[in-house]
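Okay, thanks for coming, everyone.

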Amino acid sequence: MTILIDNGHGKDTPGKRSPDSSLLEWKYTRDIAKCICCLMKLYGYDCRLVVEEDDDIPVWERAKRVNKVCDEVGVDNVILISVHINAAGDGSKWLNGRGWECWTSVGNTKSDELAEELYKTASYNIPGVKLRKDFVDGDSDKENNFTVIYKSKCPAVLTENLFMDNEEECKYLLSKEGKKAITDLHVDGIINYISKKSI
């Protein structure tokens, strides 16, 4: 199984930061993506970053890169996780949005199983954090046709890892404990998903 890790935005994307600029989404998600990949490789998995650049690579180009790997190794042998940080506003002031959530494209898809495993691992890696869910279609994930996951051929999800414009959650994200928890929930969820698929 090839695991592709995408990260949110780029250094030139306007906004996408905490009100005090202590957390820059493009930098934070790149750091987390690299940590996820390093751990997955230590565990013996083929894990690759979709975006090596610091620039904001368009979402259609990201999906194109994902699909190139799908064509090389087979679509059934690839999964994509796009890592983001949420915000309730435009980054100009602290607000009260909070929690963790996972998105898939609209409808019942192969991505739903991956999202469920990530919700499970989020529940024990970030205990006490609100898990934002939508049970309209019977599972936990939220749904929207975000280009990077909708246009990717393989099972693909987008995670929103707490709120950078919530002061408490921002401090947690930046802490050593928070970075480890966000990394571990992705790694554990991916491994659990792959383990179930191989049974």
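Let's begin with helix α2, residues 59-73, which lies across β1, β2 and β3. Against β1, residues 2-7, helix α2 runs at about 175 degrees. Oh, and please keep in mind that we're looking at a predicted model.

There's another helix to point out here: α3, residues 111-125, lies across β3, β4, β5 and β6. The angle between α3 and β4 is about 175 degrees.

Now the strands themselves. In what order do the six strands sit in the sheet? Going across, you get β2-β1-β3-β6-β4-β5, and the sheet is open, with mixed pairing. β2, at 46-49, and β5, at 142-143, each have a single partner strand, so one side of each has no neighbour in the sheet.

Let me zoom in on one pair. Strand β4, residues 100-104, runs antiparallel to β6, residues 156-163, and four bridges join them.

Stepping back, the protein has six helices and six strands. Along the sequence they come as β-α-β-α-β-β-α-β-α-β-α-α.

And the overall build? For 199 residues, a compact globule would have a radius of gyration near 16 Å, and the protein agrees with that because its own value is 16 Å. Its C-alpha atoms fill a box of roughly 45 × 35 × 35 Å along the principal axes. Buried residues make up 50% of the 199. As for the accessible surface, that's about 9400 Å², with 51% belonging to carbon and sulfur atoms.

Notes:
Residues numbered from 1 in each chain as written. Predicted model: local features only at pLDDT ≥ 70, side-chain atom pairs only at ≥ 80, totals over all residues. Heavy atoms only, no water. Pairing = 2+ DSSP bridges. Helix = DSSP H or I, 4+ residues; strand = E, 2+ residues; numbered from the N terminus. Contact = heavy atoms within 4.5 Å. Axes fitted to C-alpha atoms, helices over the stretch in contact; angles between N-to-C directions. Rg over C-alpha atoms; globule rule 2.2 N^0.38 Å. Buried < 20%, exposed > 50% of the residue type's maximum accessible area, 1.4 Å probe, protein only. Areas by Shrake-Rupley, 256 points an atom, 1.4 Å probe, with all protein chains shown as cover.
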